[in-house]
Amino acid sequence: MAKGIMANKLAVIVLVVVLLLLASTAGGYFYMSSVFGQAIQVKREQIVEVKKGETLNQICARLQSKQYISNCVVVKLYSKLFDTYTDIKAGSYETTPGQTLSELLLNLVDGNVKQYSFTIVEGENVFQVLDKLASAPRLKNDLKDLNMKQVASALGLTQESAEGWLSPETYLYPASSLASDLLKRAVKVQQGLLQSQWQKRAKNLPLKSAYEALILASIIEKESSVAAERNKVSSVFHNRLNKNMRLQTDPTVIYGVWHEYKGDITRKHLRTKTPYNTYRINGLTPTPIANPSLASINATLHPSKTDYLYFVASGNGDHIFSESLDAHNRAVRNYLRKQRINKLKDNNG
């Protein structure tokens, strides 16, 4: 037994001496460089999983077994002499065509794990965001099968819905991240933005809390197809709230029937009394109806000074704003006439 151990130690010493001799010569140095400079043999991006406690030798052997590299002998000897690649971090790493073994190993030492991206789009609602989590690559969806109240609780929210609290942005995450951790980051960003903007709000707004501002911001987000109109759209809703008029906005109706909505709002939808049908209820909806952008939050808290009470699409991408119902009805008739003319043009080729 002792003789065997001594023999192994002797073999290692011999190999180390050989490596040192090689390194001391120009040819030997070139050979070592060629080993670490060998390109990873992959035709497309591949993920290399590194477990906690894995050594350079184990990782190199795995790469060789997958035929990503051809030589591990020099790497094993090198690891016994130098500590360049000893502090390897666990995680998922991406290797790409053309990347060298040395570049990959340095990523393992630096902990440059593969980052995936998840984007929350301005105006998306929480149902849409949760649906997208299912197809997010290498993300552990611990929110799956939870109801809205449970999702909100998992994200550390006191409200019964996470709606409105997910700041629209692109978030990076490493493999095996929890969906709840990812969305908690979005919540933290939105909370910070809302509180910051609430402190700088205009005076005498008909809003009792920052949460009410978030609700109105989500409505403005869905009604603002043109960014430059946000503050005017905001003024309409503020004016209506000040006059105790119903908001009467289609996006809230759609949200209230979201799971049966097929792309077209119907008369039945408009007649259906839900907590979100602002044709049937007074004031704001109980929760936001989407995740608003910073621009919409800002517009909510700094509305333009107007007497507008109505707006309707112009047919050109923007809106026509009106102070009276008569003017609004004329704008609606003009819009419908344009729609009919455009439809006839389309039918006539």
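The structure holds one disulfide (a pair of cysteine sulfur atoms within 2.5 Å). This is a predicted model, in which local features need pLDDT of at least 70 and side-chain atom pairs pLDDT 80 or more, while totals for chains, interfaces and linings use all residues. Residues are numbered from 1 along each chain as its sequence is written, and side-chain values use heavy atoms, without hydrogens or water.

Cys60 and Cys72 form the disulfide, with sulfur atoms 2.0 Å apart. Cys60 lies in helix 3 (residues 56-65) and Cys72 in the loop between helix 3 and helix 4 (73-81), so the pair ties together parts twelve residues apart in sequence. Helices are DSSP runs of H or I, at least four residues, and strands are runs of E, at least two, numbered from the N terminus. The S-S torsion is about -115°, so the disulfide is left-handed.

The largest nonpolar core has 52 residues. Such a core is a set of buried Ala, Val, Leu, Ile, Met, Phe, Trp, Tyr and Cys residues joined through side-chain atoms within 4.5 Å. Helix 9 gives the largest share, nine residues. Apart from this core lies another, of 24 residues, including Phe36 and Tyr93.

In helix 6, Val126, Phe127, Val129, Leu130 and Leu133 are buried. Seen down the helix axis, the buried residues of helix 6 fall within an arc of 165° (directions from the axis to the C-beta atoms), so they line one face. Strand 3, helix 7 and helix 8 are among the elements that cover them.

Notes. Buried < 20%, exposed > 50% of the residue type's maximum accessible area, 1.4 Å probe, protein only. Contact = heavy atoms within 4.5 Å.
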